[in-house]
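The sequence and the structure are shown first.

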Amino acid sequence: MKAEAPIAQLTAAAYHIPTETPEADGTFEWDATTLVVVHVQAAGKTGLGYTYNAGATAELIRTVLAPVLMHADAFDIPSAHRAMQRSVRNIGRSGVAATAIAAIDVALWDLKAKLLDLPLATLLGVVRRQVPVYGSGGFTNYDESRLLSQLASWVEDEGCRWVKMKVGQHPVEDPMRIQAARTALGRVPLFVDANGAFEPGDAIRFATACRSNGVTWLEEPVSSDDLKGLRHVRQRIPRGIEVAAGEYSYSLDDVERMLESGAVDVQQVDATRCLGVTGFLAAGSLCEAHHTDLSGHCAPSLHLHAACAVPRLRHLEYFFDHVRIEQMLFDGAARARDGLLEPDWARPGIGLELKEADARQYLMAVSS
């Protein structure tokens, strides 16, 4: 069958963007973020997608995935998705390959909605018109003043209903940091994220100390690879604290295993890792089947339209670094108001366009 809208071009570029200041969490330190942006052209329209990973992701897109999709029908996203997954079989589907597929998949959905002149949420089916967000950052290398200022700004300036801080790098100091945050925030629910820093026994003791300071969410207390350990922690921590994990799910198999294991109260999914909009929607169906809420991880502007369409969404993560990058480099980036994000219903697709001139200074060289 002849393609109705054959893909004419697919490009990828990587941008290395310094952080505002050095940052750290329970297991990692960094001073820059790499953004990989994809553009797909068909029938006179251009779709945009992106992910956050090493510059090698862009090289994989250019050399392996783009040739597979040339002249394919931009309207037939399921066929494109299958073709991309087959093409990385011997490379390994998780990690870099999954994020590369994710960026292209988002661009294909953006393109399809633009070809139909619809906001993507309208194309997918609108379950909700606004999406709640929680402020996220509170890095472990922040001093107390910086920590409290950032947490307070999400509540006071953008109306976030919850805020999250990082823990685990200095566990002896964390209870004091958490107590200071609780005092400053009043009744606003406080989340903490250990990024897999603890062993199960230490995580249980830490959660017990957290409960007295009103912590309601403990994210990745142990590595997400340790599903038995996560379940062990979940079953033994004080009532009133939910365990969340799943940001490193790269496939529906990863999401299914985590849900089946009983390791989490809330399943996190990241469309920039878990195979794009297609993967995010499918993960949403799995969460509904398991009667478990889904929380979108980071990249709020990219997730927004898909988050309007999944049935059991809890909230999106309004992550400091990604909000900053989206505001810097994308026209149409969403901004929280009263703790909510809402798509611009007048813009087709995901409503974003790369600010090419502003992004150019961060462009990484293409390997030969």
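## Sheet, cores and selected residues

Strands S2 and S3 form a hairpin in which 2 residues lie between them, and Ala 43 in the turn has a positive phi of about 50°. The model is a predicted one, in which local features need pLDDT of at least 70 and side-chain atom pairs count only at pLDDT 80 or more, while totals for chains, interfaces and linings use all residues. Residues are numbered from 1 along each chain as its sequence is written, and side-chain values use heavy atoms, with hydrogens and water left out.

Helices (H or I, at least four residues) and strands (E, at least two) are DSSP runs numbered from the N terminus. Ala 43 is located in the loop between S2 and S3. With a relative accessible area of 56%, Ala 43 is exposed; the term exposed denotes over 50% relative accessible area, buried under 20%, and partly exposed the range in between (1.4 Å probe, protein chains only). Residues up to four places away in sequence not counted, Ala 43 touches Ala 5, Pro 6 and Leu 115, where contact means heavy atoms within 4.5 Å. From C-alpha to C-alpha, Ala 43 and Ala 180 are 56 Å apart in space and 137 residues apart in sequence.

### The sheet

An open sheet is formed by 3 strands in the order S1-S2-S3, with antiparallel pairing. Its edge strands, S1 and S3, each pair on one side only. Two strands pair if DSSP finds at least two bridges between them. The pairings are listed below.

Strand S2 (residues 29-42) is largely enclosed by the rest of the structure, because 11 of its 14 residues are buried.

### The nonpolar cores

A nonpolar core is a set of buried Ala, Val, Leu, Ile, Met, Phe, Trp, Tyr and Cys residues joined through side-chain atoms within 4.5 Å. The largest such core has 119 residues, and Leu 35 and Tyr 50 have the most contacts inside it. Helix H3 (residues 96-115) gives the most to this core, contributing 12 residues. Another core, of 6 residues, lies apart from it and includes Trp 162, Trp 217, Ala 244 and Val 266.

Neighbours within four places in sequence left aside, the contacts of Leu 35 include Ala 13, Ile 17, Tyr 50, Tyr 52, Ile 325 and Phe 330.

### His 305

His 305 belongs to helix H11 (residues 300-307) and is buried, with a relative accessible area of 2%. The side chain of His 305 reaches the backbone nitrogen of Ala 121 at 3.0 Å. Beyond its neighbours within four places in sequence, His 305 is in contact with residues including Pro 119, Leu 124, Pro 343 and Ile 350.

Note on methods:
Polar contact = N/O pair within 3.5 Å; in protein donor to acceptor, adjacent residues only side chain to side chain.
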